[in-house]
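Please keep the sequence and the 3D view open as you read.

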Amino acid sequence: MSEIKVNLGEHSYVITIGAGVLSRVGDIVASSCKHTAAAIVTNPTVARHYAAKVTASINAAGIRSETIIVPAGERFKTLRTIAKIYDALVDMKMDRCGVIVALGGGVIGDMSGFAAATYMRGIDFVQVPTTLLAQVDASVGGKTGVDLPQGKNLVGAFHQPRAVVMDTLTLDTLPSRELRCGLAEVVKHGIIYDREFLEFLDDNASGLLAGQHDLLERAVYRSVEIKRDVVEIDERESGLRAILNYGHTVGHAIEALSGYGKFRHGEALSVGMVTEALIAEDIGVAQSQTASKIANVLAKMRLPVNLDDVFNAQDIVRAIEVDKKTLGSSIRMALPVALGECKVVPDIDRQTIASAVERHKSLRYQG
Ligand SMILES: NC(=O)c1ccc[n+]([C@@H]2O[C@H](COP(=O)([O-])OP(=O)(O)OC[C@H]3O[C@@H](n4cnc5c(N)ncnc54)[C@H](O)[C@@H]3O)[C@@H](O)[C@H]2O)c1
Ligand SMILES: [Zn+2]
């Protein structure tokens, strides 16, 4: 078991990482503040596996708890579900001394955090992320929110958790596709920040994919440390935090053009990281071969790295403009300088993006 402290002044908190730490949730909730009641927000899948353990741990710490089960899936990450969570909180007579425990993936974490940020003008919450993506990304940084019919994450709030508890054993029940999607974000952290870590991931791809706990724990730990470092410096996303968006500009365009659903976020991100590395090569920010080295690591994680012919370069550029609301103005991207180092390039022209997309389409990396 290991701990990472996130230093954000009065909003500081500790992240506990390890195999079996789910049984410590109660103690962690009790020690983070004087809580009288806990609402465990989860979905049916996660509840089946882990709710009993978390409930027992919270009750053993002397805190009364109730479980609020919401439907699984991104399409339920809505204000309607938030209203149902509020109803359940009122029913259980939750007051400002209560705490919401988010038990699940990023969808549960984002919604529980938003409910906690707004119920009675803000109550405490503790994140217990159970997907790799939620552990290495969604549960760190304090962003919470829901989707609107018009777009993803359009409503939200910054609300830091009181504590985060990451049990790597929960990854045992995670479908392998979800595990690989989390690994895309892990590899991203290596590419933007830490070459040695990227080499560790490259050397241990098969063990990570097989769910080997010691390797997963190390991958989660270092990934969280990197996100923590970036978030601490830039809590509200003014500068450095933009490097975490590497791969996401093109990745979001691919997700949007394929109509959300064909590609999981991590898969679109994987392809997007390769296209953006090609852009970095084309404008002389990165040396040639950077993109192929990145593609090799991602392919080892059994993530997609090639850009299908169905994608039209102009469509991708337009989707980026819509996503970034940059019609006519400059497009900013975080690009790799070398493996383990990245920088934000403020003004990338559309023709550069389009020609890198065409180049990507013509390349076939070995999976
Ligand atoms: N707040 C942030 O900074 C941030 C960052 C990245 C992503 N996100 C958000 O996170 C969401 C994606 O999160 P996700 O990838 O975790 O998806 P998810 O929450 O939808 O979980 C994926 C699937 O795995 C299931 N699941 C969860 N844990 C499991 C377990 N241990 N065993 C078996 N099944 C399990 C869930 O029921 C779900 O069906 C998106 O809504 C995205 O916007 C937020
Ligand atoms: Zn992402």
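On the H10 side the contact includes His-248, Val-250 and Ile-254, and on the H11 side it includes His-265, Leu-269 and Glu-276. By class, this contact has five nonpolar, six polar and two charged residues.

A few words on terms and origin. This is a predicted model, in which local features need pLDDT of at least 70, side-chain atom pairs count only at pLDDT 80 or more, and totals for chains, interfaces and linings use all residues. Residues are numbered from 1 along each chain as its sequence is written, while chains are lettered from A and ligands numbered from 1 in the order in which they are written. Helices (H or I, at least four residues) and strands (E, at least two) are DSSP runs numbered from the N terminus. Axes are lines fitted to C-alpha atoms, for helices over the stretch in contact, with angles from 0 to 180 degrees between N-to-C directions; under 35 degrees is roughly parallel, over 145 roughly antiparallel, 65 to 115 roughly perpendicular and the rest oblique. Contact means C-beta atoms, placed from the backbone, within 7 Å.

## A second crossing

Helix H13 (residues 313-324) and helix H14 (residues 350-362) pack at an angle of about 130°, their axes 9 Å apart. H13 and H14 are therefore oblique to each other, and their crossing is right-handed. Among the residues in contact are Ile-316 and Ile-320 of H13, together with Ile-353 and Val-357 of H14.

## Buried places

Helix H12 (residues 290-300) has several buried residues, including Ile-294, Val-297 and Leu-298 (buried means 20 or more other C-beta atoms within 10 Å of the residue's own, exposed 12 or fewer, partly exposed in between, with C-beta atoms placed from the backbone). The buried residues of H12 pack against H6, H7, H8, H11 and strand S10. Arg-302, whose phi is positive, near 55°, follows H12.

Gly-190 lies in helix H6. Why does Gly-190 count as buried? Because Gly-190 has 24 C-beta neighbours inside 10 Å. Leaving aside neighbours within four places in sequence, Gly-190 is in contact with Phe-197, Leu-198, Leu-201 and Gly-340.

Technical notes
Contact = placed C-beta atoms within 7 Å. Nonpolar A, V, L, I, M, F, W, Y, C, P; charged D, E, K, R; others polar. Left-handed = near helix turned anticlockwise from the far one by under 90°.
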